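The following note sets out some points on the structure shown below.

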Amino acid sequence: MIKHAGYYIFLCFGLVALNVNATKIKGMRFWQSPDSTRVVLDVSDAIKPNVFTLSNPERMVIDIENSSLGFDPADLDIASEIVSHVRTSQTDRSVRVVLDLKQSIEFNSFTLTPYQNYGHRLVIDLQTKQTKQAASAPPAPKVATQNLQRDVVVAIDAGHGGEDPGALGNNGTKEKDIALKVAKELAELIDKQPGMKAVLIRKGDYFVSLRKRTDIARQNQADIFVSFHADGFHDKRAKGASVWVVSPDGAQSEMGRWLEQRENESDLLGGVESLSDKDPILAKVLLDLSTTYSVSASMSAATFVHDSLKTSVPKMHKNRVERASFVVLKMPDIPAMLVEMAFISNPNEEKLLNTHSHRQKIAKSVFNGLKQYFQQNPPDGSMFALKNPTSYTIASGDTLSQIAQRFNVSMAQLREMNKLDNDNIRVGQQLMIPR
């Protein structure tokens, strides 16, 4: 009997030790984006969860061995269009979390190691099957523009978001919040300008992967991509705004290398796969392409924005446009720039970023720079091209179709701009050609 009692005492101590060493599930958070829900579980240690779905009714099950529950499901704010309710159960060795779903879903789950202010996490992205199919469909092909007055499309990217707050100021200001506020200010200015249209990459506080940000710009046939950030640095004296474009050879300065590493690690926070697994030849082709049209146009547009910014902010970090290999700038088909509005780690600049008037100044300056760039470099078929055409004097043997082909425009565009009822032209006649 004494032996049995000792056995039970030993067993009880073993259970206590097990509970002490168990992983604690500290909390659960939801982030809703336009097409998905991100579920994040904060845990005290690395875990190997078992995540699966069940039907009739639709639900998701998350089993975590050797763990204990450290939150009450009743206290959760379930900000989701997919998840209706959360239930939990616990045994001596594991915790089960059940998500009641409103419909069948596809999901992707992964764990993340500690990063910045975050500890270990389990991240689960939920998408409805219809949404996933739509997202995987290729964008509609571009067609020749018959309307001379199409809008110039500006894709505006507010850096970070959702699970990724970006840099933090001394007073708790989050980079993601400032970036979104300025992005919305710029979008409002652009949409008020005839001939221009804004596309916000994210409209709220949710995470968008770096790869998806460029995909959204491409799907909306953007003419340019502008990404807003307000970065931090270990030296609080660092200050000033800056404008960046892609560099084929990577960063050109120590500051550039530091910022490049930090911004590209944004995907580590969001749990997106690295781009390093791409075929080397494909990567080289993309890089070569970016050194031609995209890099040249990016630098030209960024120079306009840089010159405009320096008239409205207290200080520019450098007196020129800088270069670094930010992932969101590596688009061979769309000119792109990254605007660092200030150093949020600098107390004075953090204070400025929290004022509406200063954010308006930044948005207005970027808008003016973009407008000036497109006035001098109007995209084909745009209203800017209509307002800034070139002229051509018809020579002997010219036909309207030959002129259209020579200047890479359609005959319909030539007829519309020159108010021609037919294709008849005469020697010496001046034709206006859309740029």
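Which residue takes a positive phi just after α12? The points below take up this question first; the model under discussion is a predicted one.

1. The residue is K419, which follows directly after α12 and has a positive phi of about 55°.

2. Helix α12 itself spans residues 411–418, and its buried residues are Q413, L414, M417 and N418. These buried residues line one face of the helix, because they fall within an arc of 110° when α12 is seen down its axis.

3. The arrangement of Y392 and F407 is edge-to-face, with 5.6 Å centre to centre and 65° between the planes. Y392 counts as buried because its relative accessibility is 16%, below the 20% limit. F407, at 30% relative accessibility, counts as partly exposed.

4. The structure contains six aromatic pairs. One of them joins F233 and F343, again edge-to-face, at 6.5 Å centre to centre and with 65° between the planes. F233 lies in the loop between β12 (224–229) and β13 (242–246), and F343 in the loop between β15 (336–340) and α8 (347–353); the pair therefore ties together parts that are 110 residues apart in sequence. Both F233 and F343 are buried. Elsewhere, ring pairs link F304, Y373, F374 and F384 into a cluster.

5. Strand β7 (residues 94–101) includes L99, which counts as buried because its relative accessibility is 0%. Beyond its neighbours within four places in sequence, L99 is in contact with M28, V39, E58, R59, M60, V83, H85, V86 and L126. With H85, which is 14 residues away along the chain, the C-alpha separation is 6.0 Å.

6. Some totals for the protein chain complete the note. The chain has twelve helices and 17 strands, and 48% of its 435 residues count as buried. Of the contacts between residues at least 6 apart in sequence, 73% join residues at least 24 apart. The accessible surface comes to about 21,800 Å², and carbon and sulfur atoms account for 51% of that surface.

Methods
Residues numbered from 1 in each chain as written. Predicted model: local features only at pLDDT ≥ 70, side-chain atom pairs only at ≥ 80, totals over all residues. Heavy atoms only, no water. Buried < 20%, exposed > 50% of the residue type's maximum accessible area, 1.4 Å probe, protein only. Helix = DSSP H or I, 4+ residues; strand = E, 2+ residues; numbered from the N terminus. Arc of directions from axis to C-beta. Contact = heavy atoms within 4.5 Å. Areas by Shrake-Rupley, 256 points an atom, 1.4 Å probe, with all protein chains shown as cover. Phe/Tyr/Trp six-rings, centres within 6.5 Å; stacked < 30°, edge-to-face > 60°.
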